[in-house]
Amino acid sequence: MTASFSLALQAAHQAAAAQHYPQGALYLVATPIGNLADISLRALHVLQLADAIACEDTRHTRQLLQSYGIDKGPGALIAAHQHNERAAAQALIERLRQGQRIAYVSDAGTPAISDPGAILAAQVRQAGLAVVPIPGASSVSTALSAAGLMAPDGDSTAYVFAGFLPPKGKARQAAIAAVQAEARATALLEAPHRIAALAQELAALGQRPVTLARELTKQFEQIHTLPAQEMPAWLAADPQRQKGEFVLIIHPQPVAPTDALPDDAQRLLRLLLAEGVSLKSAARITATHTGAPRNALYELGLSLDAH
């Protein structure tokens with residue numbers, strides 16, 4: 001057992017045992033993204049309580065459980081990863097129907113978010129059985145909280161979660177183009193061997209700020225915000241900066257004053273609105289054809305509607 005997690009197990013039982021944990025339910029349990037101390041008391045309790053634990057990697061999960069002093073017997077860990085999740089789901093559903101409590105964990109973070117687990121949860125629900133989330137660590141929310149995103153009106157802004165982009169080909173080109181055109185904040189995940197290429201692709205965003213977060217919650221955690229066009233040089237300046245798993249937060253596109261919009265963009269937007277095109281579609285079409293910022297066009301459309 002690592003450190004004094006025996007105290008944590010006792011606290012978990014005292015804090016979480018009073019809640020009802022139904023049998024025949026799948027528990028999606030979030031695990032730490034790096035720092036072992038980020039496990040929740042409910043997660044520790046459910047992992048102890050579960051009749052079986054389905055996991056992305058049985059070896060990784062067994063080591064994690066041993067760190068907390070949780071000993072599951074032979075056959076209690078069941079592999080359910082991206083290559084066998086559909087098949088594994090059927091066997092797990094049979095066990096749930098027998099009244100077992102089954103926990104599911106991915107290697108790190110919250111299952112089913114850029115990790116296996118979504119297919120399993122969907123099939124369990126389709127079978128009429130309960131899926132119970134046990135929340136916890138998330139690399140995306142961790143990076144977002146440190147990025148300091150602010151909307152133009154001063155409130156916290158909405159964001160788009162894009163996860164891992166397609167690795168290559170036309171699918172990746174289309175995904176990069178969509179990210180570049182998105183005015184809202186966007187959260188991306190990337191592996192170390194592709195981070196330099198992604199930085200080059202996003203450099204077209206120019207001065208738009210990007211927060212790079214790597215090795216979150218670990219000893220060498222690094223969170224740095226800089227203009228998109230400076231990312232390739234920043235990464236290349238120190239080989240250490242390209243190590244570890246990455247979360248990238250592209251900050252929202254600043255809203256340009258509507259009076260600074262090109263005349264041709266304003267004319268096209270007004271024409272589309274006059275033809276009955278929705279404001280959302282009119283702003284998107286105008287931005288695509290003129291290069292004007294979509295959020296500024298949307299703001300202009302709102303002001304026209306108000307008048």
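**Cores, rings and a pocket**

Modeller: Gladly! In the largest nonpolar core, which has 25 residues, Tyr27, Val29, Leu47 and Ile53 touch the most other members. Elements giving two or more residues to this core include α1 (5-16), β1 (25-29) and α2 (41-49). This is a predicted model, where local features need pLDDT of at least 70 and side-chain atom pairs count only at pLDDT 80 or more, while totals for chains, interfaces and linings use all residues. Residues are numbered from 1 along each chain as its sequence is written, and side-chain values use heavy atoms, leaving out hydrogens and water.

Biologist: What makes a set of residues a nonpolar core?

Modeller: Its members are buried Ala, Val, Leu, Ile, Met, Phe, Trp, Tyr and Cys residues, joined through side-chain atoms within 4.5 Å. In soluble globular proteins, nonpolar side chains tend to be buried together.

Biologist: Which residues does Ile53 touch?

Modeller: Not counting residues up to four places away in sequence, the contacts of Ile53 (heavy atoms within 4.5 Å) include Leu47, Leu65, Ile78 and Val105.

Biologist: Why is His45 called buried?

Modeller: Buried means under 20% relative accessible area, with exposed over 50% and partly exposed in between (1.4 Å probe, protein chains only). His45 has 8% relative accessibility, so His45 counts as buried. You will find His45 in helix α2; helices (H or I, at least four residues) and strands (E, at least two) are DSSP runs, numbered from the N terminus.

Biologist: How many aromatic pairs are there?

Modeller: The count comes to two. Rings of Phe, Tyr and Trp (its six-membered ring) pair if their centres lie within 6.5 Å; planes under 30 degrees apart are stacked, over 60 edge-to-face and the rest tilted.

Biologist: Why is the pair of Phe5 and Tyr68 called edge-to-face?

Modeller: The ring centres of Phe5 and Tyr68 are 4.8 Å apart and their planes are at 90 degrees, so this pair is edge-to-face. It links Phe5 in helix α1 with Tyr68 in helix α3, 63 residues apart.

Biologist: And why is the pair of Tyr21 and Tyr27 tilted?

Modeller: For Tyr21 and Tyr27, the centres are 6.3 Å apart and the planes are at 50 degrees, so the pair is tilted. Both Tyr21 and Tyr27 are buried.

Biologist: Which residues lie nearest the centre of the largest pocket?

Modeller: Of the 27 residues lining the largest pocket, Ala108, Ser114, Asp115, Phe164 and Glu245 lie nearest its centre. On a 1 Å grid over the protein atoms alone, a pocket is an open set of points where a 1.4 Å probe fits, with protein on both sides within 12 Å along at least five of seven lines; lining residues have an atom within 4 Å of a point.
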